[in-house]
Amino acid sequence: MLSLIVFWPALVAVALSVVPARAGTRVFAGAWVATGLVQLVLIAVVWAGLPAAGYGSVERLAWIPSAGVSYHLGVDGLSLPLLALAAVLFTATAVYTLRGIARPKGFVLLFLALQAVSAGLFVALDLILFFLFFDLSIVFMYFVIAGWGTGAPARRAALTFFLYTFLGSLALLLGFILLVLAGPRVSFDIPALAEQNPLAGGGVYAGLTVLVIGVGLAVKTPLFPFHTWLPPAHTEAPAAGSAILAGILLKMGTYGFVRIAMPLLPASWRQFALVAVVLGVVSVLWGALVALAQTDLKRMIAYTSVNHMGYVLLGLGAAGLVAGSSEQARALATAGATYQMVSHGLITAALFLLAGSLHDRGRTYDMAAYGGLATRTPRFAGLFAVAAFASLGLPGFSGFIAEFQIFAGALGAAPVATVIAVTGVLITAALFLLSMARMLPGATRTPDAPGTPRPFPDLGVRELLAIVPLLVLATVLGLLPRVLLDVIEPAARTVNDLVAR
């Protein structure tokens with residue numbers, strides 16, 4: 001079943017490759033929507049059969065046996081929510097794309113390829129398979145940014161994105177090799193390495209291994225100071241590209257911490273957990289403060305991603321401070337970090353799609369160019385306000401559940417760092433309230449083309465069908481968190497048990 005989930009979008013892409021480009025957006029984007037809906041149904045079947053403990057829907061075949069590499073897939077309570085998130089976001093962006101896009105055939109084929117590798121990464125249980133999907137996501141997103149961005153600036157942003165993240169992936173591969181060479185036999189199998197715990201003794205070699213793996217994942221997340229590729233990539237990418245970049249590709253980094261760094265290098269994670277906490281807090285504050293200074297809406301949303309991913313690392317780092325926290329606190333921190341990945345994906349994807357709709361009408365992301373949108377475009381204004389309040393962690397939305405668990409789990413182990421991180425919530429609230437004050441109330445003000453007023457309609461049906469479900473899901477997860485926590489918590493406890501060995 002998992003192989004079908006992973007390769008279904010790729011199969012559809014192969015079929016669409018023979019369809020003439022003149023078929024247009026409706027054919028290609030419509031096929032993409034159907035692909036996402038089928039994938040969601042398949043994931044629901046896997047979800048229904050998820051075991052209470054361990055991995056479900058496991059598939060394993062020998063791939064490169066002489067090198068200890070296998071085709072090994074499986075899901076648990078940490079990976080399944082992210083697999084479902086990927087399917088939801090790709091389907092939402094497919095619906096959004098029905099509005100129309102230049103060169104729809106190439107656009108949809110690239111996104112179907114991205115959809116396949118994203119699903120593959122979240123179910124991979126072999127380090128080389130994980131690395132393969134990790135690397136391919138960089139390649140496909142590079143072409144999305146360079147091909148559908150805004151000319152020369154987009155190509156520069158795409159190149160920066162590729163060089164930064166590809167360098168990070170090389171560090172990741174080096175770390176994987178160092179980890180495997182420390183074991184009694186060569187195997188890149190994640191469950192086998194977790195059982196072997198080859199670097200249980202810690203030391204310099206283990207520290208170097210966790211350092212290079214951590215850098216590789218930190219670049220992708222991204223964390224301060226490895227975040228500088230993110231704002232230009234978001235600014236120049238099309239709206240659908242930004243939604244997937246923030247909603248899915250960034251999670252590949254944070255997921256790598258909880259799937260690989262923590263359970264496979266437990267001694268080193270405990271040793272350097274305080275470093276992870278500090279990096280998380282710095283990312284929280286840096287991302288929020290820089291976002292507060294932005295006048296460009298898309299760059300502001302991009303910097304809030306650095307802020308929100310900082311909360312994830314704070315929670316995961318706190319879970320490694322075994323001596324300073326209880327088992328329940330560590331479980332709260334790890335479950336909260338995973339919940340934050342899902343929550344951020346839903347909310348930030350909605351914000352980027354809203355920003356894209358605004359840019360399509362006004363041809364600028366400059367917030368000063370807009371005013372009175374609550375009167376002129378009430379549907380846009382209402383949804384932007386809902387997304388903004390969800391992103392700042394208002395109770396009733398998924399972000400509150402995630403951040404509450406992270407803070408509650410981290411407070412005992414890292415009280416000073418946690419209190420400092422809480423101020424990030426205040427700054428985030430300030431920046432979103434300020435953005436709403438700039439654009440929504442007051443006299444109507446929109447950018448016009450030289451010599452003629454530019455049409456400025458409210459959100460259309462396709463935009464609403466793409467954005468509203470994301471915010472509805474964020475609300476449901478804010479009001480009924482057990483729906484997701486019952487899946488996440490057993491797997492989070494398993495990871496924490498491995499870290500505490």
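Start with Arg99. Its charged end sits over the ring of Tyr96, 4.3 Å from the ring centre. A word of caution here: this is a predicted model. There is a second case, Arg103. The charged end of Arg103 sits over the ring of Trp148, 4.5 Å from its centre.

Stay on Arg103 for a moment. Where is it? Arg103 is in the loop between helix H3, residues 79–97, and H4. Its backbone deserves a look too. Most residues other than glycine have a negative phi, and most peptide bonds are trans.

Arg363 also has a positive phi, near 60°, and is not a glycine. Look for Arg363 in the loop between helix H14, residues 327–362, and helix H15, residues 373–376. Is Arg363 buried or exposed? Exposed: its relative accessible area is 53%, and the cut-off for exposed is over 50%.

Now the peptide bonds. Two cis bonds to show you. One joins Thr221 and Pro222, with omega about -20°. The other runs from Phe224 to Pro225, with omega near 5°. Where do these prolines sit? Pro222 is in the loop between H8 and helix H9, residues 230–236. Pro225 is in the loop between H8 and H9 as well.

Next, the aromatic rings. How many aromatic pairs does a search of the whole structure find? The count is 16. Let me take two of them.

Phe107 and Phe111 make a tilted pair. Their centres are 4.6 Å apart, with 45° between the planes. Both residues lie in helix H4, residues 104–123. They are four residues apart, about one turn of the helix. Phe107 and Phe111 are both buried.

Now Phe122 and Tyr255. Their ring centres are 5.4 Å apart. Their planes stand at 80°, so this pair is edge-to-face; the cut-off is over 60 degrees. This pair links distant parts of the chain. Phe122 is in helix H4, Tyr255 is in helix H10, residues 239–264, and 133 residues separate them. Phe122 and Tyr255 are both buried.

Phe107 and Phe111 belong to a cluster, linked by ring pairs, with Trp32 and Trp148.

On to helix packing. Take H5, residues 127–148, and H8, residues 204–220. The angle between them is about 35°, and their axes are 13 Å apart. H5 passes H8 in a left-handed crossing. Which residues make the contact? From H5, we have Phe134, Ser137 and Ile138. From H8, we have Gly216, Leu217 and Lys220. By type, the contact has three nonpolar residues, two polar and one charged.

Last stop, still in helix H8: Val210. Val210 has a relative accessibility of 10%, and buried means under 20%, so Val210 counts as buried. What does Val210 touch, leaving out residues up to four places away in sequence? Its partners are Leu265, Ser268 and Phe272. For a sense of scale, compare Val210 with Thr364. The two are 154 residues apart in sequence, and their C-alpha atoms are 42 Å apart in space.

That is the tour. Questions, please.

How values were computed: Residues are numbered from 1 along each chain as its sequence is written. This is a predicted model: local features need pLDDT of at least 70, side-chain atom pairs count only at pLDDT 80 or more; totals for chains, interfaces and linings use all residues. Side-chain values use heavy atoms; hydrogens and water are left out. Axes are lines fitted to C-alpha atoms, for helices over the stretch in contact, and angles run from 0 to 180 degrees between N-to-C directions. Helices (H or I, at least four residues) and strands (E, at least two) are DSSP runs, numbered from the N terminus. A crossing is left-handed if the near helix is turned anticlockwise from the far one by less than a right angle, and right-handed if clockwise. Contact means heavy atoms within 4.5 Å. Ala, Val, Leu, Ile, Met, Phe, Trp, Tyr, Cys and Pro count as nonpolar, Asp, Glu, Lys and Arg as charged, and the others, Gly among them, as polar. Rings of Phe, Tyr and Trp (its six-membered ring) pair if their centres lie within 6.5 Å; planes under 30 degrees apart count as stacked, over 60 as edge-to-face and the rest as tilted. Buried means under 20% relative accessible area, exposed over 50%, partly exposed in between (1.4 Å probe, protein chains only). A charge sits over a ring if NZ of Lys or CZ of Arg is within 6 Å of the ring centre and within 35 degrees of the ring normal.
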